[in-house]
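I set down here what I looked up in this structure, entry by entry.

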Amino acid sequence: MNLHIRAPSTMSLMCLEASARLRSFTAAAQELRLTQGAVSRQVQTLEDRLGVKLFTRRREALALTDAGRYYLGEVGPLLQRLERATANVMALKGRGGELSLSCGASVGSYWLIPRLPGFTRDHGEITLNLGTRVGPVDFAATPVDASLEFGDGKRPGLHSEFVLPLDLSPYAAPAWIAAHGKTVDANTPRSALIHHQTLPGAWDEWFAREGIEGEAGREGPRYDIMSMALNASLAGMGVALLPPYMSDESVASGRIRRLSRRKWRYAKGYYLVYPEESAQMQSLQVFRQWLMAQAGPVTPPLPR
């Protein structure tokens, strides 16, 4: 059986959001340039339609009910997207607009941002807003249009396009190398192997590929993001598995050195992920084309 449910008006949702944020129909009315009665009626109509109470009306302030908190949590990001899209069209007459992108901290800082001057020079009509996070984006709860994120490309219900592989090699500071040797081998202190939380088992895989006897173990420090592992390596704390886009500059300056000629492609990589409602955005289409050109012709890693 198909149920056709007509969505509530934008005005009623705006009244809900403003009243919840300001905890007052009167304050919401002032912000929205309506009367207090108009705001109250919009919320009442919405409550009648949903069949639930969204607010507990108290003398000192309004308070959302459990149903109100859930509903606002679902519709809030949609209102933010609507506001942003409206502002873009009004300001730029459809010529470009904004693009809100979430990006992993390390790939954003060391690979994407150094390339962005070229994008802004060629596409000044697009304003790129960039935020960072660890892990995949929940587009239903986060007001972003797309995400450049680390993963396996399996994001059901979303577009997921491969952009960049993660090629890893071991790196260490010259002082550490002088004390412990020029290669990672069976004699390397396991406490000096720097681990990434997002790359479980990476050192075990490296040992297997290099034919190093024994296990890598879990004695070394663990960091949430790869840039922390880089900085720990630069500080002489041990050996980190790093990609060229993070290590090349420090190698060129002599601050770290590569300890193997081997480059190992990790089973996950970086993907541009976006929901269907973002697919037709002109700003995303332009950015996607530019992003793929920056990455060049690369193939996704093979699954383990």
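Basis. I worked from a predicted model, in which local features need pLDDT of at least 70 and side-chain atom pairs count only at pLDDT 80 or more, while totals for chains, interfaces and linings use all residues. Residues are numbered from 1 along each chain as its sequence is written, and side-chain values use heavy atoms, with hydrogens and water left out.

Entry on helix α2. I looked up the buried residues (under 20% relative accessible area, 1.4 Å probe, protein chains only) of α2, residues 25-32, and found F25, A28, A29 and L32. Seen down the helix axis, these buried residues fall within an arc of 100°, so they line one face of α2; the arc is that of the directions from the axis to the C-beta atoms. They pack against α1, α3 (36-50), β1 (55-57) and β2 (62-64). Helices (H or I, at least four residues) and strands (E, at least two) are DSSP runs, numbered from the N terminus.

Entry on the ends of α2. I noted that S24 caps the N-terminal end, with a side-chain oxygen 3.2 Å from the backbone nitrogen of T26. Just after the helix, R33 takes a positive phi of about 60°.

Entry on A240. I located A240 in strand β9, residues 239-242. A240 counts as buried because its relative accessibility is 0%. Leaving aside neighbours within four places in sequence, I found A240 in contact (heavy atoms within 4.5 Å) with S169, P170, Y171, I194, W203, A229 and S233.

Methods
Buried means under 20% relative accessible area, exposed over 50%, partly exposed in between (1.4 Å probe, protein chains only). A polar contact is a pair of N or O atoms within 3.5 Å; within protein, one must be able to donate a hydrogen and the other to accept it, and residues adjacent in sequence count only if both atoms are side-chain atoms.
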